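Good morning, everyone. Please have a look at the structure on the screen, and we'll walk through it together.

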Amino acid sequence: MQNPTLQRSLFAFMVEEKVISTHGLKAGACLFGEQIFDVNSAYFHNHGGYKYARQFYSNAYQSTVDIVGGEQYILPAVMHADERNRTISDNTLKCNP
(Lines give C-alpha, C1' and ligand atoms only; values in the text may rest on other atoms or scores of the structure.)
Protein backbone atom coordinates (compact mmCIF):
# COMPACT_ATOMS: atom_id res chain seq x y z
CA MET A 1 0.00 0.00 0.00
CA GLN A 2 1.26 3.42 -0.83
CA ASN A 3 -0.24 5.33 2.11
CA PRO A 4 -1.76 3.18 4.88
CA THR A 5 -3.39 6.14 6.67
CA LEU A 6 -5.13 7.24 3.49
CA GLN A 7 -6.17 3.64 2.75
CA ARG A 8 -7.74 3.24 6.21
CA SER A 9 -9.58 6.56 5.80
CA LEU A 10 -10.89 5.56 2.39
CA PHE A 11 -11.91 2.16 3.73
CA ALA A 12 -13.79 3.77 6.66
CA PHE A 13 -15.50 6.16 4.23
CA MET A 14 -16.57 3.26 2.00
CA VAL A 15 -18.05 1.43 5.02
CA GLU A 16 -19.80 4.61 6.21
CA GLU A 17 -21.29 5.25 2.75
CA LYS A 18 -22.32 1.58 2.53
CA VAL A 19 -20.23 1.01 -0.58
CA ILE A 20 -18.82 -2.01 1.25
CA SER A 21 -19.91 -3.90 4.34
CA THR A 22 -17.94 -5.47 7.15
CA HIS A 23 -20.97 -7.45 8.29
CA GLY A 24 -19.98 -10.97 9.21
CA LEU A 25 -16.26 -10.35 9.49
CA LYS A 26 -14.62 -12.22 12.32
CA ALA A 27 -12.52 -10.33 14.85
CA GLY A 28 -9.00 -9.92 13.49
CA ALA A 29 -10.04 -10.56 9.89
CA CYS A 30 -7.78 -9.16 7.19
CA LEU A 31 -9.47 -6.05 5.82
CA PHE A 32 -6.93 -5.35 3.12
CA GLY A 33 -5.23 -7.63 0.69
CA GLU A 34 -2.63 -7.06 -1.95
CA GLN A 35 -1.82 -8.61 -5.24
CA ILE A 36 1.71 -8.06 -6.42
CA PHE A 37 2.83 -8.84 -9.94
CA ASP A 38 6.62 -8.71 -10.05
CA VAL A 39 8.11 -9.53 -13.41
CA ASN A 40 11.68 -8.77 -14.39
CA SER A 41 12.82 -6.62 -17.30
CA ALA A 42 14.22 -9.54 -19.28
CA TYR A 43 10.79 -11.18 -19.46
CA PHE A 44 9.26 -8.04 -20.95
CA HIS A 45 12.21 -7.48 -23.28
CA ASN A 46 11.88 -11.04 -24.59
CA HIS A 47 8.14 -10.66 -25.16
CA GLY A 48 7.83 -7.28 -26.83
CA GLY A 49 9.25 -4.63 -24.50
CA TYR A 50 7.37 -1.78 -22.88
CA LYS A 51 4.25 -2.22 -25.02
CA TYR A 52 3.99 -5.83 -23.86
CA ALA A 53 4.59 -4.78 -20.23
CA ARG A 54 1.75 -2.24 -20.43
CA GLN A 55 -0.61 -4.89 -21.80
CA PHE A 56 0.53 -7.41 -19.17
CA TYR A 57 -0.23 -5.02 -16.31
CA SER A 58 -3.48 -3.91 -17.92
CA ASN A 59 -4.56 -7.56 -18.02
CA ALA A 60 -3.37 -8.09 -14.43
CA TYR A 61 -5.36 -5.06 -13.28
CA GLN A 62 -8.51 -6.26 -15.05
CA SER A 63 -8.10 -9.72 -13.51
CA THR A 64 -7.83 -8.12 -10.07
CA VAL A 65 -10.99 -6.07 -10.71
CA ASP A 66 -12.80 -9.28 -11.67
CA ILE A 67 -11.51 -11.09 -8.55
CA VAL A 68 -12.56 -8.38 -6.08
CA GLY A 69 -15.91 -7.70 -7.74
CA GLY A 70 -15.44 -4.27 -9.27
CA GLU A 71 -13.06 -1.38 -9.77
CA GLN A 72 -14.63 0.52 -6.87
CA TYR A 73 -12.92 -1.93 -4.49
CA ILE A 74 -9.41 -1.20 -5.80
CA LEU A 75 -7.76 1.40 -3.59
CA PRO A 76 -4.30 1.84 -5.16
CA ALA A 77 -3.04 0.43 -8.42
CA VAL A 78 0.58 1.22 -9.20
CA MET A 79 2.91 0.14 -11.99
CA HIS A 80 6.59 0.81 -11.42
CA ALA A 81 8.53 0.92 -14.66
CA ASP A 82 11.41 2.99 -13.41
CA GLU A 83 13.67 0.39 -11.84
CA ARG A 84 16.78 -0.36 -13.84
CA ASN A 85 18.72 -3.60 -13.86
CA ARG A 86 22.13 -2.58 -15.21
CA THR A 87 23.11 -6.11 -16.27
CA ILE A 88 19.94 -6.62 -18.26
CA SER A 89 20.17 -3.11 -19.70
CA ASP A 90 23.76 -3.68 -20.80
CA ASN A 91 22.89 -7.07 -22.29
CA THR A 92 19.95 -5.74 -24.28
CA LEU A 93 21.63 -2.42 -25.22
CA LYS A 94 18.41 -0.57 -24.39
CA CYS A 95 19.85 1.96 -21.89
CA ASN A 96 22.92 4.16 -21.92
CA PRO A 97 25.36 3.76 -19.01
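Leaving aside its neighbours within four places in sequence, which residues is Phe37 in contact with? The answer is Phe56, Tyr57, Ala60 and Thr64. Keep in mind that this is a predicted model.

Where is Phe37 placed? It sits in the loop between helix H1, residues 4-16, and helix H2, residues 41-46. Take one of its contacts, Ala60. In sequence, Phe37 and Ala60 are 23 residues apart. In space, their C-alpha atoms are 7.7 Å apart. Buried would need a value under 20%, and exposed a value over 50%.

Now the whole chain. How many helices does it have? Four, and zero strands. From the N terminus on, the order reads α-α-α-α. The chain has 97 residues, and 15% of them are buried. Next, contacts between residues at least 6 apart in sequence. Of these, 44% join residues at least 24 apart.

On to the surface. The accessible surface of the chain is about 7,900 Å². Carbon and sulfur atoms account for 51% of that. There is a nonpolar patch on the surface too, formed by Val19, Ile67, Val68 and Tyr73. Together, these four have about 340 Å² of accessible area.

Let's pick one of them, Val68. Val68 belongs to helix H3, which covers residues 49-68. Its relative accessibility is 38%, so Val68 counts as partly exposed.

That's my tour. Thank you.

Notes:
Residues numbered from 1 in each chain as written. Predicted model: local features only at pLDDT ≥ 70, side-chain atom pairs only at ≥ 80, totals over all residues. Heavy atoms only, no water. Helix = DSSP H or I, 4+ residues; strand = E, 2+ residues; numbered from the N terminus. Buried < 20%, exposed > 50% of the residue type's maximum accessible area, 1.4 Å probe, protein only. Contact = heavy atoms within 4.5 Å. Areas by Shrake-Rupley, 256 points an atom, 1.4 Å probe, with all protein chains shown as cover. Patch = residues over 30% accessible without salt bridge, like charges linked within 9 Å, V, L, I, M, F, W, Y side chains within 5 Å. Salt bridge = Lys/Arg side-chain N within 4 Å of Asp/Glu carboxyl O.
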